[in-house]
Amino acid sequence: MVLSLVVASLVSAGPTVVSTRYHRDERGGAFVTELRVPGFMAGYERIAAVSKDDRSFLLYSTFDTGFERDRPTVEQLTDQLDFAERNAAEAKALVAEFDKAVAAAKAKKAKTFTAKTRWGEQTHQLKRAAEERAQLVEQQQNTVERVADVRKELERAKVEATAGSTVFVAGRFTETGAAKVDVLRGPARGAWVPQLVTTLTLELPKSGAQPEVLSAWAEAQGQTLGLAAMRTEAGTGFAAYVAQVSGEAWGAQRGGFGRRSGREPDLYGMMTGLTAVQEALQLDAWRDREEQPGPKVKLATLEGPHVASHDYDALRKGVEPRVFDAATVIPADTFALHFTSAEAVFTVVDLLDAWGTDLSHALEGFARDRGTKERLFTQLALPRDDFSRLYASRAVEAVSIIGHDPFVREGTDLTVVLTVKDAGAVKLAAMASRAQARSKRPDAVESTEKYQGIELTTLKTADRAVSTTFAESGRFVFVGNSPAGVKAALDAQAGRAPSMAKSPDFRYLRTLYADGEDAFAFLSDAFVRSVVGPRWKIGARRRMECASNLQLIEYARLVAQRERVPATTLDALKARGLLPKTLGCAHGGTYALLPEGASCSAHGRLSFLTPLVELPFSEATATEAEEYRDFTESYRQYWRTFIDPVGVRVKLSPAIDLETIILPLVDNTIYSQLKELYAGAPATLQRQGDTSKAIAAVSSTFSPSKKVQSEIRDFMREAHVQGQDPWRWLGDQVSFVVYDGDPLLTIGGDVPLGMMGRRDADFAAVTSVVLTSLTLPTALVVKVKDPVAARAAVERLIDSLELSALEHSRRRDSTSVSGYRISEPSGQDPIGVLSLSFFGVTLRLYYAVVGDQLYVASRKWLADEVVGRGFVVPRDSQTELGHVRVRLDHARLKAALTAVQAGWGENMREACFRNLVDLELVSQASRSTNELVTPVQRALGYSPYCPAGGTYKLDSLGEATCSVHGKASAPKQPKELADSTSTAKWLGRVESMDFSLTFTPEGLRTHVVLQPRK
């Protein structure tokens, strides 16, 4: 109460304006005002500046004591000083006691002496007394220095509390004359209740020559943006560019951004095969290096990775494959996605809308919609209404989608191949679609050409927002966004180029699928070789660099608009330091700054980049050639044996069923490590320990390689577990099961779904078993060959752990291990208990051997239930062989549902907050205070959204906030997930998810089954 009165009196004294400095040049003006604010506590409070008119803008505040650094109060420092003085007095007394004990020992001519220390009475040797005294003296000196430091900080805090903190308000301006700025104060975190500190009256001059003012403003901006990025985990992007370019242009000394590391492989990627596909294509295996001078290198002299292909015809052993008709017109070096009917296409699109989008939104770290699917439908002039669906189902037999590179979001060539029942009807429908597209884009130009006697009709706008080419040949109709892609398909049909139907890897893979499918995707041997070849690898790198340059141009334009300086040309942006003067396209294109966006004459615009198939080139720079040679060497080390084709089969009813085959498996990857654990043959994996409360289970064969077996034997030997060889009693299957319960803490924010592709999944994989066992009922189930030997081995392990704990524990009560059995009146086999205590925290594991299963549970009721009823293996629809199986039963979530929803809600809030910085910055450039999303979509190429359905607006301080989640300094979260959120929809649609992974002689097979709720 007294402190509140003191602070109130200090605040009422009012701030003092120490000085105001101005600078103005062709880039505009800036000012910095220094204030003394009584009673202000940096770290606990914050200062905000809000312009009262349109003369000053982009206002930031900071302090002389560091930007929003936590500073202790006078009361806290007083307590710290008292504690430090007590420590200093105690240290001084210890030295005196030590000297007294030494003197007494010398008088008695003793060899040892006893002195009191902080740890009690201890005996010391007299000959080592000097060394020990030196340590005590050093400790005493440290305490004295600590007292001095705290006393100095306390004096500073007292002065600051009385005289006030130094606060700097920095801003930009373009006009002249009188301007007013309100200075507000409020809590550093929590709901902002502004309290007016003062209103600054500025006289904005026509000229000023204090350039350090600009750097002070840029530094304050960089610090503000950096803190906002840290709070929202926004990473790099437009905010980082703004801070960096301001610092470079105006000499700011601080205010940088950190860069997040790339995403590591996670369980979701491994179990679906996505990680294997990424490894096969090596899309990100390219190191950054500055361009070095040197002669051009002919592309024909650059050799791709020398990696062999399997003898697929020999592997096929004469079995004839099931080859669909469209494979005869699909070029061998393209990827292919084939649908067995037009209805299957629309069903998959609907599933992506209803299921895939919800799942990706729930898992992704950024809630940003780039509209890739809608852009492609518009670009190809393909309708999606109900009439079109019905019409296509009657006129189209099958649909295939092909392309030469995997960069679909960036702008690959896509060609839709229709196997038609009625070519005339399809042609009329295509003409109607082109006419509708032309009505929406009158600037679209239609042209025709003959290619090998076949007519191609193209409708295209300058920005490629509409780019569709139509052709028909025989039973096939082609609709592509690139004439080059359509021509490649016509060449394959005519035999002028190899087709997929004749590719040995495709023919072999089709023999591995015993039954039909609704959709089939294939990445061929030739496609993988093409993607990792010099033309595509270097071409993709050039296009990526050009896309970055185009984005920089858009960023620069936004910064100019934000600072209200005229810069409508590239030269003007470069002159103001907003763009590098050497900015250029590696492919030789020229840049233009158009009203609708930045453009490159070679690569087009950001939303619709030119497909690589349309960008041929014959030479590479010396640096590009060196980079590519390094890449091929790395690739050869990765792929010591073979190239990896990939096939995916999809079934849509009654469950969603996806099966992936990778031929063969790449060396030196995370899968190679897994193969060491599953060296034996695949087996039918039973759902061990399954009950109606089992919500997640990971089951696998237990057949490690000889190397791993030897490592386990060494471990057991080091643990002094003697006896039989463990491989004499260990069985061939092990499962880890998680049961429904009310967790005290969660892993990754969304137990048990945290394993499904969360960031830092590598860390979660290591700690999840231990943490989950502490919070949820869990069980480890191991199949055994000899139950008696299994129980004896477990008890020997417990004995060894108990002895080891006694030997290594410094204090007997800090760590202990004990084992015992629980007496059972019924006379049945008793349940064993392993009790682990760590500094007063005890974890008890209950184990029993029931039949041929060793069961270890984290809850006694689980062990009681198993011992009482025995193991009941449920009937299971998924019975194929495998090495690893993961099952998630979402429908069984009851007690844990609240924690799951809370975790997913937190994930959605974090994703929402990552949008706030860009929303705020772009709104400052567009001067839009009502509609925030549309300017971001136009400027940055994506539409930010709140996963929980919130809307964005600016608050009274000009900061972006969400109607559901608030903002980073005042976060909110709904009590429950709304039924309309993507996560709630996902949980409501899915009964269970089943993943299996199998290592085969041919490579790797994964199987995913998503069971919808009934």
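This briefing walks through some helices, aromatic rings and cysteines of the structure above. Please keep in mind that the model is predicted. A search of the whole structure turns up 13 aromatic pairs and 0 disulfides.

- Helix H14 spans residues 504-512, and its buried residues are Asp505, Phe506, Arg507, Tyr508, Leu509 and Arg510.
- Among the elements covering these buried residues are helix H8, strand S19 (519-523), helix H15 and strands S25 and S26.
- Phe506 belongs to one aromatic cluster with Phe324, Phe520 and Phe522.
- Arg510 places its charged end over the ring of Phe520, 4.4 Å from the ring centre.

**Rings and charges elsewhere**
- Phe238 and Tyr555 form a tilted pair, 5.0 Å centre to centre with 40 degrees between the planes.
- This pair links distant parts of the chain, since Phe238 is in helix H5 and Tyr555 is in helix H16, 317 residues apart.
- Phe238 is buried at 1% relative accessible area, and Tyr555 is buried at 13%.
- Arg564 lies over the face of Phe57, 4.0 Å from the ring centre.

**Helix H24 and the cysteines**
- Helix H24 (897-913) has 17 residues and reaches 24 Å from its first C-alpha to its last, close to the 24 Å expected.
- Its buried residues include Trp904, Met908 and Cys912.
- Cys962 is in no disulfide either, and its nearest cysteine sulfur, in Cys912, is 3.6 Å away.
- Cys946 is buried at 6% relative accessible area, and Cys962 is buried at 3%.

Technical notes. Residues are numbered from 1 along each chain as its sequence is written. This is a predicted model: local features need pLDDT of at least 70, side-chain atom pairs count only at pLDDT 80 or more; totals for chains, interfaces and linings use all residues. Side-chain values use heavy atoms; hydrogens and water are left out. Buried means under 20% relative accessible area, exposed over 50%, partly exposed in between (1.4 Å probe, protein chains only). Helices (H or I, at least four residues) and strands (E, at least two) are DSSP runs, numbered from the N terminus. Contact means heavy atoms within 4.5 Å. A disulfide is a pair of cysteine sulfur atoms within 2.5 Å. The expected span of a helix is 1.5 Å times one less than its number of residues. Rings of Phe, Tyr and Trp (its six-membered ring) pair if their centres lie within 6.5 Å; planes under 30 degrees apart count as stacked, over 60 as edge-to-face and the rest as tilted. A charge sits over a ring if NZ of Lys or CZ of Arg is within 6 Å of the ring centre and within 35 degrees of the ring normal.
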